[in-house]
Amino acid sequence: MKVAFLFAGQYRYIPNKLMKYSISQLTKSIDYDIFCYSWDEPGESLDHRKEIPKVKHNNDSFAQITNIFSEFNLKEIKTESYSKFINNLSFRHKKIFNNKSFHKGTIFALPQIYTISKCYKLLAKEEQKYDIIFRCRFDSLYLHPLNLYPLEKFLNSPDLYNLNFGRSYYPKRVYDIFFGGSRKSMIFLDKIWDNIPNLIEDNFNNGQDKRDACRLIFLSAISSDIKIKS
């Protein structure tokens, strides 16, 4: 069984020693490859603050990510300019991004989903090599090996699994910090970026802001007839 980890989103600094320990725990005793997609510019976590943190302009995400992940099975890494991404948004995507009627805490939902989609496309040419695919964040720490979970069950299931439970539970969403499953369960990521305007306009209501990434991922998956499991 081969696992693909998609580390996508804005790179946010965690001490290298801690990050390397985290990845070694996550990948312990499994056959895996890692794909990374991020912005040239690192940043910092929103962390529920009132003011949205600004993106930094020291374009060294590629070097920092490579420094950490090169000790592991880093298959491919790409970064791109965040400012150019914003400037090149389509009219419909830019309208959503700039719309003040959405909660300001969802301002990074579109950039996040874009990087997840682009990271997924990195493995497209060799997708058949991977039995299970998981999306990860650069600012998460992993304390337990992935193989503590029933990976054979995930492999033989069309369902998408996510960490939506306990104190973090919220109905009818995919908690965007960590989710995945079989190839079949993750195929919706191939079209999610292009579909965002339609997902925003959809009448589906789970109580979250219509631009919330967790809502958009959930809606995109179920629109592809994928069931969501915790």
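1. The expected span of a helix is 1.5 Å times one less than its number of residues. Helices (H or I, at least four residues) and strands (E, at least two) are DSSP runs, numbered from the N terminus. Helix α5 (residues 109-122) has 14 residues and should span 20 Å; its end C-alpha atoms are 20 Å apart, which agrees.

2. This is a predicted model: local features need pLDDT of at least 70, side-chain atom pairs count only at pLDDT 80 or more, and totals for chains, interfaces and linings use all residues. Residues are numbered from 1 along each chain as its sequence is written, and side-chain values use heavy atoms, without hydrogens and water.

3. Helix α5 is mostly covered, with twelve of its 14 residues buried (under 20% relative accessible area; exposed is over 50%, partly exposed in between; 1.4 Å probe, protein chains only). Among them are Pro 111, Tyr 114, Cys 119 and Tyr 120.

4. There are 19 aromatic pairs (rings of Phe, Tyr and Trp, its six-membered ring, with centres within 6.5 Å; planes under 30 degrees apart are stacked, over 60 edge-to-face, the rest tilted). Trp 39 and Tyr 82 have ring centres 5.2 Å apart and planes at 80°, so this pair is edge-to-face. Trp 39 lies in strand β2 (residues 31-39) and Tyr 82 in helix α3 (residues 82-87), so the pair ties together parts 43 residues apart in sequence. Both Trp 39 and Tyr 82 are buried.

5. Tyr 142 and Phe 178 have ring centres 5.7 Å apart and planes at 55°, so that pair is tilted. Both residues are buried. They belong to one aromatic cluster, whose members include Phe 7, Phe 69 and Tyr 161.
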